[in-house]
Amino acid sequence: MERLQKVIANSGVASRRKAEELISQGRVKVDGEVVTEMGIKVGKNNVIEVDNVKISTEEKVYFLLNKPRGVVTTAKDELGRKTVVDLIECDKRIYPVGRLDYDTTGLIILTNDGEFANNIIHPKNKIDKTYVAKINGILSIVDVMKLKKGIVIDGVKTAPAKVKLKKADKKSNTSFVEITIHEGRNHQIKKMIESVGFEVLKLKRERIAFLTL
């Protein structure tokens with residue numbers, strides 16, 4: 001027996017968090033009865049429906065994508081822009097794990113495994129993500145130390161980060177900085193760089209845990 005939201009997530013219909021929303025909205029039935037209570041356990045013999053469609057456990061698939069610029073990190077875009085899902089030929093209902101900004105490139109995972117996705121993005125698991133940012137200027141040692149110790153963003157201090165100045169070009173007054181964080185706050189790298197007085201010109205994610213470009 002497993003929790004209903006976990007079974008829905010494992011079916012590939014939605015992530016566990018989204019599955020909980022579907023349950024609370026009264027869009028899930030178990031053996032023909034609407035269920036809105038969290039934590040209910042179901043077994044193999046129970047018939048589960050989401051929006052009146054019976055779910056089934058499907059083969060789990062996992063993709064690593066090097067996301068280009070100008071592509072949105074979502075399964076469907078209301079504005080009709082190209083999405084990361086559009087770049088992969090797959091007969092399963094896959095979705096991206098976490099997000100990358102429209103103008104950010106690099107590594108992103110796509111899957112239909114809701115439990116796996118939840119483990120990757122959940123803050124408590126502290127999964128490292130490494131980015132390389134091109135910035136307009138050259139970080140000083142003081143700037144690097146500030147970023148390493150944590151920066152206050154939107155009133156909350158970031159966790160300690162690993163920061164390394166990879167390359168500096170004094171002629172163009174630009175540099176490349178490698179930053180490793182385990183949080184996933186909105187525009188976090190860009191805001192961290194802005195907090196020490198610089199702007200991110202380009203941003204690429206190169207690694208998630210042991211997975212690299």
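Helices here are DSSP runs of H or I with at least four residues, and strands are E runs of at least two, both numbered from the N terminus. This is a predicted model, so local features need pLDDT of at least 70 and side-chain atom pairs count only at pLDDT 80 or more, while totals for chains, interfaces and linings use all residues. Residues are numbered from 1 along each chain as its sequence is written, and side-chain values use heavy atoms, with hydrogens and water left out.

Let's start with the overall picture. The protein's secondary structure comes to five helices and 16 strands, and its C-alpha trace spans about 70 × 35 × 30 Å along the principal axes. Of its 213 residues, 42% count as buried; buried means under 20% relative accessible area, exposed means over 50%, and partly exposed is in between, with a 1.4 Å probe and protein chains only. Take contacts (heavy atoms within 4.5 Å) between residues at least 6 apart in sequence: 60% of them join residues at least 24 apart.

Now for the pockets. On a 1 Å grid over the protein atoms alone, a pocket is an open set of points with protein on both sides within 12 Å along at least five of seven lines, and lining residues have an atom within 4 Å of a point. Grid points are joined across faces, edges and corners, and a volume is the space filled by probe spheres set on the points; the probe is 1.4 Å. The largest pocket holds about 1200 Å³ of space. Its lining has 41 residues, with Val-97, Gly-98, Arg-99, Ile-121 and Gly-184 nearest the centre. Helix 3 gives the most to that lining, with five residues. Other elements that supply at least two residues each include helix 2 (16–24), strand 10 (129–135) and helix 5 (188–195). Sorted by class, this lining has 15 nonpolar, 13 polar and 13 charged residues. For that sorting, Ala, Val, Leu, Ile, Met, Phe, Trp, Tyr, Cys and Pro are nonpolar, Asp, Glu, Lys and Arg are charged, and the others, Gly among them, are polar.

The second largest pocket has about 340 Å³ of space. It is lined by 14 residues, and Val-7, Gly-43, Lys-44, Ile-48 and Thr-57 lie nearest its centre. Here the classes come to six nonpolar, five polar and three charged.

Next, have a look at Phe-198, in the loop between helix 5 and strand 15. Phe-198 counts as buried because its relative accessibility is 15%. Leaving aside neighbours within four places in sequence, Phe-198 touches Ile-135, Asn-136, Gly-137, Ile-138, Leu-139, Asp-143 and Ile-193. Phe-198 and Ile-135 are 63 residues apart in sequence, yet their C-alpha atoms are 6.5 Å apart in space.

Finally, the charges. A salt bridge puts a side-chain nitrogen of Lys or Arg within 4 Å of a carboxyl oxygen of Asp or Glu, and a search of the whole structure finds 14 of them. One joins Asp-77 to Arg-81, at 3.0 Å from N to O. Asp-77 is buried, since its relative accessibility is 17%, whereas Arg-81, at 33%, is partly exposed. Another pairs Asp-128 with Lys-162, whose closest N and O atoms are 3.8 Å apart. That pair links distant parts of the chain, 34 residues apart: Asp-128 sits in the loop between helix 3 and strand 10, and Lys-162 in strand 13 (residues 162–169). Asp-128 is partly exposed at 24%, while Lys-162 counts as exposed at 54%. Elsewhere, salt bridges with shared partners join Glu-59, Asp-91 and Lys-92 into one network.
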